[in-house]
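Biologist: I have not looked at this one before. Can you put it up and take me through it?

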Amino acid sequence: MDQLFAVQHAYLIPLLPLIGAMVAGLFGARHLKQESHWPIWIGVGASALLALSLLYGMTFGSASATPPDDASSSNGPLLQPIASAIEAYPLARSVEWFTWIQAGDPNNQGSPTHPQVVYGNPTASLHVSAGCFIDPLTAIMLCVITCIGFLITVYAKGYMSGESGYFRFFAYLGLFIFAMTILVMGDNLIMLYLGWEGVGLCSYLLIGYYTEKPAAREAAKKAFLVNRIGDFGFGLGIMLSFLAFGTVSYFGQGVGTHTGLLELAIGNTAATGFQKLAMHWIPFLLMIGAFGKSAQFPLYVWLPDAMEGPTPVSALIHAATMVTAGVYMIARCGTLFVTNSAAMTTIAVIGCFTALLAATIALRQFDLKKVFAYSTISQLGFMFTAVGCLAPVAGVFHLVTHAFFKALLFLSSGVVMHAMAGELDMRRMSGLKKVLPITNIVILIGCLALAGFPLSSGFFSKDEIVAAAFARSPILGALLLFAAFMTAYYTFRLYFQVFQGPLVVPPAPAPAHGHGHEPHDHATASHSAVETDTAPSSAVDIGQTTHAPAHGDDDHHHSHEPWVMMWPLIILALGAAFGGFFNVHDALGNFLGQSPSFDLAWKLTTVPGANFGHAEAAAEASGGISWIMILSGAISVVGIALAYMLHLRDRAAAERIAAGLEPLTGLVENKFYVDELYQTMIVEPLRLLGRVLYVIDRTVVDGLVAVISRVPQVLGFFLSQTTERGYLQGYAASMLLGVAVILILIFMR
Amino acid sequence: MTPLTLEHFLAVGAIMFSIGLIGFMTRRNLIVMFLCTELMFQGVAINLIAFGHYHGNLAGQAFVIFLLVIAASEASLALGLVILLFRQRNTLDADAWRDLKG
């Protein structure tokens, strides 16, 4: 695999989107204008091809080939394969691009007894390389990020056309892909942190893309600040890792050399007391970062608000890629986590709780994107439960399938939003399958996958998580099944409400919902709720050409379903439908199991049901069609059937039931008042503290400065009144006095 | 009779400087004050010559020649200024110009 172009030139994967972003950002405003998507398409598309070739080369290439003897000579200092490591992990490579940070004396390895402990050892040095670590986990993540990223940039061309700041959007998007690829490629925690903060920045910029909307600005700030809380813990975790192990690199000089963090964490026999203490706390600190970035329970509040951003952003950043960074990080740092059962239990419990909480809130949301946002939080909860139950393979599998079907669902809701002139309230629309026939089909596929309908992609991955949870604790498994039931219900509540039944479209564009677009003139004209008969005609001719002559308006779409937006949806729908078969015969699991992160963590764990992609363990965990599979499939069908009864056959029924459960309904509709609780418990006290500190600053601190500044003023006033009175002899006397004082000082010394 | 030593010359210089200083501090007449500054000047000049002679070189005397030239030009300038001041206020009292204080 050393011969792979994508391995030798792995730096191109983050670099190309960055170059694209720079071109779009620098030349977009003046020169590219509405063509600003090209540099991003090319950059991200090339990255996606590289990532796919990497994955292809890893799966079908001569992986087990003997390590090339001339590797060092042919590849120069770029690749540093260690022969023994290549034998153990033929698919894992460290590539160091250059030294990024070098602090202290590199030759000083600290105290001889515990060379790696930095704590209390001021001579220790820090070395951070800018390099990448390529293994199956990285390859899978890269494919998900760049491929879905590419599809979404294609879609965004249609979705965002005509927006002011079109180039800005694409520049941010390219920057995001750059940061995200750095996040998953980096070979040390500092690189991870760089990407982590980079995606946070891009998320902030893109949520607040509609700068003229106050809600978007508020949401951007909220996302940034809530993430700060998590990142603070994450930063502390990295620092503690360095203090305890003297390195932030995953595998140091290479797998098997025991110079990297993840391998040093294993050798616990010679651990010092401080290292043991650190091993206890590092997972908790890193976990806080993961909870912030991946929107888990205490820190999830930013994600629903983040839906203020453009829909492609919601699909890419807040569903498919960025929010899964926490899952990736825990899977990558497996050896730091698995031996700490308290931390793993915390992750599993928080994940399960978040899955339940968010699913419950999604039951009574009426905004399409809000439903999907809570659904994303809920599904991330599933992934966290998986990694917490020592089944990171299931977690990553669900990450991949979720990326496909949730991106699909968000992009489809973007199509709905486009066609409905920005309207997203599902109570105001119905029967859209007549207007949006293709979207109807793809969103149905996405909903089936999200609901875990048998044989869809979400079914397989969710089933593995549920199985892992049952192996750990039946209560956890049962709760997850309940969350899956709610998922099936709320997904199809949305689908039946919006796409089935009689055709109802919003009568007029709601200005408040406008997402920066000019109102779609012909869209609103042809669907003013009465002329339902014109809808099929516009549905039949989808291509832009048939409508183009009628409206000589280049900035607008001439169909509700322009092809540039439909192609990505169709490809994503294929992924959502068949993505589950990636893991037939545990193919994905076996592939991931060759990652050192998974393999080493697996060797550390003795818990039954752990799924790190090892054939014997996986067979024990799933064993073909199990009763869990049947149960979760049945639960999904029941959920869909319930949604059918309440939201298609008798639409008033749901409201009657909701009214019957009034206090509970209100609680759920108001999202359990978590935002209000945070507002009163945290934000307001902090604001009060800020005001108090402001007053203290203004009176005490500034007062002190004012008093001090008065001293020379007063002194000078008295001096001028006593010495500068205009008598020539007075000046002479003070000169004389000064000279005398200096002379005395000189001679008395 | 003891020969003249360096100390004698220094004493003369110091006495001249002191007389000039005391005169400057006590008199109000601008011309007298100016004369007193000249007196202090010459006290310093005597010191320079004395040291130059004591060290056996001509640097002190050379300096003093420069010093006298500058003192002469400065004296003409200063006396001109004093005349101008006198014309403004019709008095030579330095205190007449107290309102120039900064």
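Biologist: Which residues touch the most other members of the largest nonpolar core?

Modeller: This is a predicted model. In its largest nonpolar core, which has 235 residues, Ile148(A), Phe176(A), Ala407(A), Leu408(A) and Leu480(A) touch the most other members.

Biologist: And which helix gives the most to this core?

Modeller: Helix α18 of chain A, residues 392–419, gives the most, with 18 residues.

Biologist: Take Phe176(A). What is it in contact with, leaving aside neighbours within four places in sequence?

Modeller: Phe176(A) is in contact with Val199(A), Cys202(A) and Ile317(A).

Biologist: Next, Cys447(A). Where is it, and is it buried or exposed?

Modeller: Cys447(A) sits in helix α19 of chain A, which covers residues 437–451. It has 28 C-beta neighbours inside 10 Å, so it counts as buried. The cut-off for buried is 20 or more.

Biologist: What does Cys447(A) touch, not counting residues up to four places away in sequence?

Modeller: Cys447(A) touches Thr491(A), Phe492(A) and Tyr495(A). There is also a distance for Thr487(A): its C-alpha atom is 9.6 Å from that of Cys447(A), with the two residues 40 apart along the chain.

Biologist: Change of topic. Helix α33 of chain A, residues 728–748: what should it span, and how far apart are its ends?

Modeller: At 1.5 Å a residue, its 21 residues should span 30 Å, and the end C-alpha atoms are 30 Å apart, so the two agree.

Biologist: How many residues of α33(A) are buried?

Modeller: Zero of the 21, so α33(A) lies largely in the open.

Biologist: Now chain B. How many helices and strands does it have?

Modeller: Chain B has three helices and zero strands. From the N terminus on, its elements run α-α-α.

Biologist: How does the radius of gyration of chain B sit against that of a compact globule?

Modeller: A compact globule of 102 residues would be near 13 Å, but chain B has 17 Å. Its C-alpha trace spans about 50 × 25 × 25 Å along the principal axes.

Biologist: What share of chain B counts as buried?

Modeller: Of its 102 residues, 11% count as buried. As for contacts in chain B between residues at least 6 apart in sequence, 50% join residues at least 24 apart.

Biologist: Last one. How many residues of chain A are in contact with chain B?

Modeller: Eight residues of chain A, in contact with nine of chain B. By class, the chain A side has four nonpolar, two polar and two charged residues.

Terms used: Residues numbered from 1 in each chain as written. Chains lettered and ligands numbered in written order. Predicted model: local features only at pLDDT ≥ 70, side-chain atom pairs only at ≥ 80, totals over all residues. Helix = DSSP H or I, 4+ residues; strand = E, 2+ residues; numbered from the N terminus. Expected span 1.5 Å × (residues − 1). Buried ≥ 20, exposed ≤ 12 C-beta atoms within 10 Å, placed from the backbone. Contact = placed C-beta atoms within 7 Å. Nonpolar A, V, L, I, M, F, W, Y, C, P; charged D, E, K, R; others polar. Core = buried A, V, L, I, M, F, W, Y, C linked by C-beta atoms within 7 Å. Rg over C-alpha atoms; globule rule 2.2 N^0.38 Å.
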